[in-house]
Amino acid sequence: MSHTAAPSGPLSGIRILEVSHMLAGPYCGMLLADLGAEVIKIEAPGQGDIGRRISPHFIGPHNAYFASLNRNKRSISLDLTSEAGQQRLGELAANSHALLTNVRPAAVRKLGLTYEALRKHNEKIVCLALTGFGLEGPFAEKPAYDYVIQALAGVMAMTGDPNGPPVKTGYSVVDNSAGIMGALGLTAKLVEGKGGQVDVSLYDTMLSQLNYLAGGYLNAGQKAQRYPGGGHPYIVPAQIFPTLDGHLALFITHDGFWADFCREIGCEAWITDTRYATMAARTANREAVIADVQAVLAAGSTDSWVERLAPLGVVVAGVQSLEDALESELTRSRQMVVSVPTPHGEIRMVGNPIKLQGQPTHYGPPPLLDEDAGELEALDGQSHVSHNTSGG
């Protein structure tokens, strides 16, 4: 087994083929690799995954963007449009438990990446397709990226200042969420042990995450809207407030915390004020509540409010930059920034959020293009894969 493969974990013994690029597919594959699966990344000869060159930042031959999504994997180059490439894919499929891809539906079929195409090699293989709008249907072949899905699913329309234009979220929420959903669906089918096709669309994934907002419209006709400071539609106050030196995220979930908050800031009268006393009243009088709270919080520093309110159990935090978060004691305590050694220097990246008691996560470097071809050639003609999903 190559140096890039995780030696242990709950998915140890599971082999997964990955034919993907950019973000959703690679992230899905990396999550599975972090948990012990042997993930073999199949890339086009020559250039490979476009993620290998998308960032201007390199550590030796390793692109920082690619590294952040492809650690713990192996890589081989195959021309899947050729007869030889298809023959090799079949050999690999015969010795694998699953295949994941995020190419467009037409390419999924053309390149033989469906369960129907691969079952002749392995009836128990699980095939996951991460696509924009699903493998079937009138919208299946429309191009889709994170930006487009955010636009179509209503995410942009509900994000940003009420008086401003629609806004994209600050990170690739659709691609990352689809990667997680794909890993869940693929793992569920592996546990079932029957093989088959898993169809996860980015659009469906995003709609599913708008759960309670969609429920408000579907059941009561309430339209999703933007509130100043990113306010919550049902909980008041729950939003971002400006302070003397920055911004404060305040989230008061029930009336008991509201009373504690009011006492601490010296506004006890708000506890019994009929406009403010209950959550329903505060929601009905949102503008007045927010204006009064904002006037108080603007007079103090962010840190001082956190120091005063957090001990009361009030949900509160200063708004940090990504840089602040990565360097924080919280991140260090959770071991969420890891360093992966390579012959060209250490690659620093965000670690896996899943912590397994007694099973530390192994972090191996991302593979160089086609670096595992020679070792994997030894698999030709063999049929040794066990479909016991207990890790045997």
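1. A residue is called buried when its relative accessible area is under 20%. In this predicted model, asparagine 70 has a relative accessibility of 1%, and therefore counts as buried.

2. Asparagine 70 belongs to helix α2, which covers residues 64-70. The side chain of asparagine 70 makes a polar contact of 3.1 Å with the side chain of lysine 41. Beyond the neighbours within four places in sequence, the residues in contact with asparagine 70 are Glu18, Pro26, Met30, Lys41, Asp49, Pro366 and Pro367.

3. Helix α2 also matters for the description of the largest pocket, to whose lining α2 gives the most, with 5 residues. The volume of this pocket is about 1,000 Å³. Two or more lining residues come from each of α1 (24-34), α2, α15 (322-326), α16 (329-333) and β13 (347-350).

4. In total, 33 residues line the largest pocket, and those nearest its centre are Ser68, Leu322, Leu326, Met349 and Val350. Sorted by class, the lining holds 19 nonpolar, 7 polar and 7 charged residues.

5. A disulfide is a covalent bond between the sulfur atoms of two cysteines. How many disulfides does a search of the whole structure find? The search finds 0. For cysteine 262, the closest cysteine sulfur is that of cysteine 267, and because the two sulfurs are 6.7 Å apart, they are too far for a bond; the cut-off for a disulfide is 2.5 Å.

6. Are these two cysteines buried or exposed? Cysteine 262 has a relative accessibility of 0% and so counts as buried. Cysteine 267 is buried as well, with a relative accessible area of 15%.

Definitions and conventions. Residues numbered from 1 in each chain as written. Predicted model: local features only at pLDDT ≥ 70, side-chain atom pairs only at ≥ 80, totals over all residues. Heavy atoms only, no water. Helix = DSSP H or I, 4+ residues; strand = E, 2+ residues; numbered from the N terminus. Buried < 20%, exposed > 50% of the residue type's maximum accessible area, 1.4 Å probe, protein only. Polar contact = N/O pair within 3.5 Å; in protein donor to acceptor, adjacent residues only side chain to side chain. Contact = heavy atoms within 4.5 Å. 1 Å grid on protein atoms, 1.4 Å probe; cavity = no way out; pocket = protein on both sides within 12 Å on 5 of 7 lines; lining within 4 Å. Points joined across faces, edges and corners; volume = space filled by probe spheres on them. Nonpolar A, V, L, I, M, F, W, Y, C, P; charged D, E, K, R; others polar.
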